Amino acid sequence: MTKTDLHHQIRNCLQQVAELANCQLIEPVTDDTVLLQSGLDSLGFAMLVAQLEEELGFDPFSEMEIAVYPRTFAEFVSIYQQYQLKYAGG
Amino acid sequence: MRKLVVVSGASRGLGLAICRQLLQTGYAVLALARTHSQDLQQLQQQQPALHFMAADLAELAEIPALCSRIVKAFGRPYALINNAAVGYDGVLATMHNSEIGSLLNINVQAPILLSKYLLRPMLLNQSGRIVNISSIIARTGFNGLSVYAASKAALEGFSKSLAREVGKAGITVNCVAPGYMQTEMTSSLQGDKLESIKRRSPLGRLATPDDAAAAVLYLLSEQAGAVTGTVITVDAGSTA
């Protein structure tokens with residue numbers, strides 16, 4: 001999966017989860033959107049991480065040695081991209 | 001399709017009684033325990049909906065991977081019963097620090113982590129149940145059980161706040177607090193002490209693992225859909 005595909009998949013997941021969590025996302029969500037201002041609530045983010053774990057097979061936040069809280073959508077995606085490379089590389 | 005319930009500490013005592021009642025009621029059960037006990041194996045022969053996965057919950061770092069394996073192999077669970085616990089007794093002043101640490105890991109951290117990781121698939125299902133097995137010792141004192149008491153009080157506090165956190169996702173979180181039951185965990189409680197607990201109980205007996213398991217079954221039922229953030233005491237009235 002390319003970086004762009006992953007970016008696209010996370011964006012799709014965000015939409016799905018927002019619907020499930022009954023949250024109204026701001027339009028448009030861009031790379032610079034601050035997550036806390038995206039319209040998704042904290043439980044919604046937990047669902048996003050859960051959904052991505054089911055789809056991608058990993059949860060980068062559980063694998064990190066220290067707690068990291070991405071601020072923007074781009075930072076969130078970038079964490080997944082880093083871990084995807086790690087998984088792809090074995 | 002049968003709803004899947006994950007039960008920790010399922011090899012004996014209350015955990016085994018919970019598994020037995022769940023299977024009789026039509027749930028599928030994933031039993032977690034360190035060892036695949038003979039009782040569990042026998043139950044599995046009669047009940048093909050009983051699955052077993054070996055898990056040592058003292059290995060906290062393994063819990064995320066364990067939960068991933070569970071969801072991959074069995075799908076999203078409907079409920080989690082955090083029943084596994086250790087009950088070392090001894091006065092605090094001479095209890096070894098390693099024992100204090102391992103009791104808190106197994107009785108508090110492990111159920112919190114299992115809840116964290118099995119809650120996620122429940123969030124995606126927008127429904128689920130978590131039942132944490134507490135004890136009347138969370139709220140009544142007993143000589144020699146201070147650390148155990150701390151662990152059970154912690155679970156009750158955890159359950160109430162988590163109930164508030166996940167209620168809007170259709171997930172309930174409750175505790176069942178049994179009184180003294182005759183299981184291996186309480187085997188050191190004998191003679192006069194045991195008789196005095198029985199005598200002081202309004203019903204003149206101890207609660208059994210089956211009595212406590214029935215409360216767990218109720219909390220999993222549709223009828224308990226409006227019950228969350230609470231503790232059901234099953235102690236034959238000992239703390240009344």
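Trainee: Let's jump in at B:Phe158: is that residue buried or exposed?

Mentor: Keep in mind that we're looking at a predicted model. B:Phe158 is found in helix 5 (residues 146–166) of chain B. The cut-off for burial is 20 or more other C-beta atoms within 10 Å. B:Phe158 has 20 of them within 10 Å, so the call is buried.

Trainee: Over to B:Tyr180: buried or exposed?

Mentor: You'll find B:Tyr180 in the loop between strand 6 (171–178) and helix 6 (191–200) of chain B. There are 22 C-beta neighbours inside 10 Å, and therefore B:Tyr180 counts as buried.

Trainee: Now strand 2 of chain B. Why is it described as largely enclosed by the rest of the structure?

Mentor: Look at both faces: B:Ala28, B:Leu30 and B:Leu32 point one way, while B:Val29, B:Ala31 and B:Ala33 point the other way. Strand 2 (residues 28–33) of chain B is largely enclosed because the number of its six residues that are buried is six.

Trainee: Which residue of strand 3 of chain B is the bridge partner of B:Leu32?

Mentor: Start on the strand 1 side, where five bridges join strand 1 (residues 4–8) of chain B to strand 2 of chain B in parallel, and B:Ser8 stands opposite B:Leu32. Strand 2 of chain B also pairs with strand 3 (residues 50–54) of chain B, again parallel and over five bridges. In strand 3 of chain B, the partner of B:Leu32 is B:Met53.

Trainee: What hand does the β-α-β unit of strand 2, helix 2 and strand 3 of chain B have?

Mentor: Trace the chain from strand 2 of chain B through helix 2 (residues 38–46) of chain B and on to strand 3 of chain B. This β-α-β unit is right-handed.

Trainee: Where does the largest share of the side of chain A that touches chain B come from?

Mentor: Seven residues of chain A are in contact with seven residues of chain B. By class, the chain A side has five nonpolar, two polar and no charged residues. Five residues on that side come from one element, helix 2 (residues 42–56) of chain A.

Trainee: Last one: what radius of gyration does chain A have?

Mentor: Chain A comes to four helices and zero strands, and its C-alpha trace spans about 40 × 25 × 25 Å along the principal axes. A compact globule with 90 residues would have a radius of gyration near 12 Å. Chain A agrees with that, at 12 Å.

Key: Residues are numbered from 1 along each chain as its sequence is written. Chains are lettered from A and ligands numbered from 1 in the order in which they are written. This is a predicted model: local features need pLDDT of at least 70, side-chain atom pairs count only at pLDDT 80 or more; totals for chains, interfaces and linings use all residues. A residue is buried if 20 or more other C-beta atoms lie within 10 Å of its own, exposed if 12 or fewer, and partly exposed in between; C-beta atoms are placed from the backbone. Helices (H or I, at least four residues) and strands (E, at least two) are DSSP runs, numbered from the N terminus. Two strands pair if DSSP finds at least two bridges between them. A crossover is right-handed if, with the strands pointing away from the viewer, the path from the first strand over the helix to the second runs clockwise. Two residues are in contact if their C-beta atoms, placed from the backbone, lie within 7 Å. Ala, Val, Leu, Ile, Met, Phe, Trp, Tyr, Cys and Pro count as nonpolar, Asp, Glu, Lys and Arg as charged, and the others, Gly among them, as polar. The radius of gyration is taken over C-alpha atoms; the globule rule is 2.2 Å times the number of residues to the power 0.38.
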